[in-house]
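Here is a friendly note to read alongside the structure. Keep the 3D view open and look up each residue as it comes up.

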Amino acid sequence: MGCFPGDSVVTTGAGVKKPMKDLRVGESVLALSADGMLRPSEVLLFLDRSETARTEYVTLVTDAGKSITATPTHLVLRWEKPERSQIRHANPVYAKSVRVNDTLLTVVDGSGAGKLRLRTERVVAVGRTQKAGLYAPLTVDGTVVVDDVVASCYAVIDSHWLAHLAFLPVRAMAAARASLSGLVWRLGHPLHDAPPSSSSRPVDAVQPADGIHWYPRMLYAISDYAIPASWMDTH
């Protein structure tokens, strides 16, 4: 599985920076939607998580001083049309395939007042390191902003879109739970027009268990039969 180290930093829906190791299921983190908008996206589960496992990581450093560290087969968004912001114009590639002078999509404060915007930055250094701990959150949008660099939530398979499609049942179940929760709230509050917005509700965050989640484990087990070997990289 592809992962990030525990000291990687994400931005919560409230704009708070926190280490990946402290992230919980049910929290929202900054992500990039399919239409190219930065927005909070709920963490549905951890594809893989371990506080102690030691693994090799690739670190990509940009010309503006940002850096992202991920396992070699984790997908990052190599930007090939810097003038366009839509995610469909990105080319998700394995972190190990990124080279110096490639372009990554990053997030910056565009106004000095907390208004975030997207910016492309050139890779100036690529390195490898060993670190303990690995964390792979899955968001509703299938992307996550890590250390102010936009990345996919997926790894091992070289198609972000196919991986995102494979997790459609997970997103559907989460949407059904949210709808049921809203219905229960309305039944309990008949004098209110609508439930509170997600930004004002308390976060029902759950401590994730270590190990590979059963759903990606199942997908991995059937991948030999359903996905061409040339699309996979397990090394």
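1. Is T12 buried or exposed? Please keep in mind that this is a predicted model. T12 counts as buried, because its relative accessibility is 12% and the cut-off for buried is under 20%. You will find T12 in the loop between β1 (9-11) and β2 (17-19). Leaving aside residues up to four places away in sequence, T12 touches K18, S28 and V29.

2. Now step back to the whole chain. Its secondary structure consists of three helices and eleven strands. Reading from the N terminus, the order of the elements is β-β-β-β-β-β-β-β-β-β-β-α-α-α.

3. The chain has 235 residues, and 43% of them count as buried. If you take the contacts between residues at least 6 apart in sequence, 64% of them join residues at least 24 apart.

4. Next come the aromatic rings. A pair of aromatic rings is described by the distance of the centres and the angle of the planes. The count for this model is three aromatic pairs. In one of them, F167 and Y215 have ring centres 5.2 Å apart and planes at 55°, so this pair is tilted. F167 sits in the loop between α1 (160-166) and α2 (168-188), while Y215 belongs to helix α3 (residues 214-226), so the pair ties together parts that are 48 residues apart in sequence. Both F167 and Y215 are buried.

5. Y215 also pairs with W214, and this pair is edge-to-face, with 5.6 Å from centre to centre and 80° between the planes. How do the two partners compare in exposure? W214 is exposed, because its relative accessible area is 56% and exposed means over 50%. Y215, by contrast, is buried, with a relative accessible area of 9%. Together with Y154 and F167, the residues W214 and Y215 form one aromatic cluster.

6. W214, M218 and I222 make up a nonpolar patch on the surface, and their accessible area together is about 320 Å². M218 is placed in helix α3. With a relative accessible area of 36%, M218 is partly exposed.

7. Let us turn to charges. The model has ten salt bridges by count. One of them joins R39 to D141, whose closest N and O atoms are 2.5 Å apart. This pair links distant parts of the chain: R39 is in strand β4 (residues 38-62), D141 is in the loop between β9 (116-139) and β10 (143-146), and 102 residues separate them. R39 counts as partly exposed, at 37% relative accessibility, whereas D141 is buried, with a relative accessible area of 11%.

8. R49 is buried, with a relative accessible area of 2%, while E51 is partly exposed, with a relative accessible area of 47%.

9. The closest N and O atoms of R78 and D102 are 3.5 Å apart.

10. To finish, look for K66, R119 and E121. Salt bridges that share partners join K66, R119 and E121 into one network.

Terms used. Residues numbered from 1 in each chain as written. Predicted model: local features only at pLDDT ≥ 70, side-chain atom pairs only at ≥ 80, totals over all residues. Heavy atoms only, no water. Phe/Tyr/Trp six-rings, centres within 6.5 Å; stacked < 30°, edge-to-face > 60°. Helix = DSSP H or I, 4+ residues; strand = E, 2+ residues; numbered from the N terminus. Buried < 20%, exposed > 50% of the residue type's maximum accessible area, 1.4 Å probe, protein only. Patch = residues over 30% accessible without salt bridge, like charges linked within 9 Å, V, L, I, M, F, W, Y side chains within 5 Å. Areas by Shrake-Rupley, 256 points an atom, 1.4 Å probe, with all protein chains shown as cover. Salt bridge = Lys/Arg side-chain N within 4 Å of Asp/Glu carboxyl O. Contact = heavy atoms within 4.5 Å.
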